[in-house]
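Q: I would like to learn how to read a fold summary. Please take me through one.

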Amino acid sequence: MTILVIGGTGLVGSHVVEALASAGHAVRATSRRPSAFPPGVEGATVDLADAPALRSALDGVRAVFTYANPGTARLLVDQMQAAGVGRLVLLSSADAASN
C-alpha cells in the first residue's frame, strides 16, 4: 500500500518523500511539479479543493502525511474516510493558527 505525501516538493514534504522512498515505502506525492520527484515516487497534481481529484489521489493509499491547511482539512479527512485511509500524519506550527 502507498503513503500519500501532500506537498511533496515543499520544504518539509520533500524530506518526507525522500525518507519514505529510501526506507522502501511506496510513495505518491502531490505537487504542482510532479516531475521533481525522485525515481520510483509517483507524482500527482491535485487541487486539494477538488473532491473527485483528491479521492483519486487517495486510491490505494494507507496513510497520508500533510502540513496543516485549514482551508482543505475537512475535505481531506472526509475523502480519506470515504477511501478507507486509516492514518493521517498532520504537521502543524503555531503560525497555522494565524492563517
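The dialogue below goes from overall fold to one residue.

Q: What kind of model is this, and how are residues numbered?
A: This is a predicted model: local features need pLDDT of at least 70, side-chain atom pairs count only at pLDDT 80 or more, and totals for chains, interfaces and linings use all residues. Residues are numbered from 1 along each chain as its sequence is written, and side-chain values use heavy atoms, with hydrogens and water left out.

Q: How many helices and strands does the protein have?
A: Elements are DSSP runs, numbered from the N terminus: helices are H or I with at least four residues, strands are E with at least two. Here there are three helices and five strands. Their order from the N terminus is β-α-β-β-α-β-α-β.

Q: What does the radius of gyration say?
A: It is taken over C-alpha atoms, and the globule rule is 2.2 Å times the number of residues to the power 0.38. For 99 residues a compact globule would come near 13 Å; the protein has 13 Å, so the two agree. The C-alpha trace spans about 35 × 30 × 20 Å along its principal axes.

Q: Where is T72, and is T72 buried or exposed?
A: Buried means under 20% relative accessible area, exposed over 50%, partly exposed in between (1.4 Å probe, protein chains only). T72 lies in the loop between β4 (61-67) and α3 (73-83). With a relative accessible area of 15%, T72 is buried. Of the 99 residues, 34% count as buried.

Q: Which residues does T72 touch?
A: Contact means heavy atoms within 4.5 Å. Not counting residues up to four places away in sequence, T72 touches L48 and A49.
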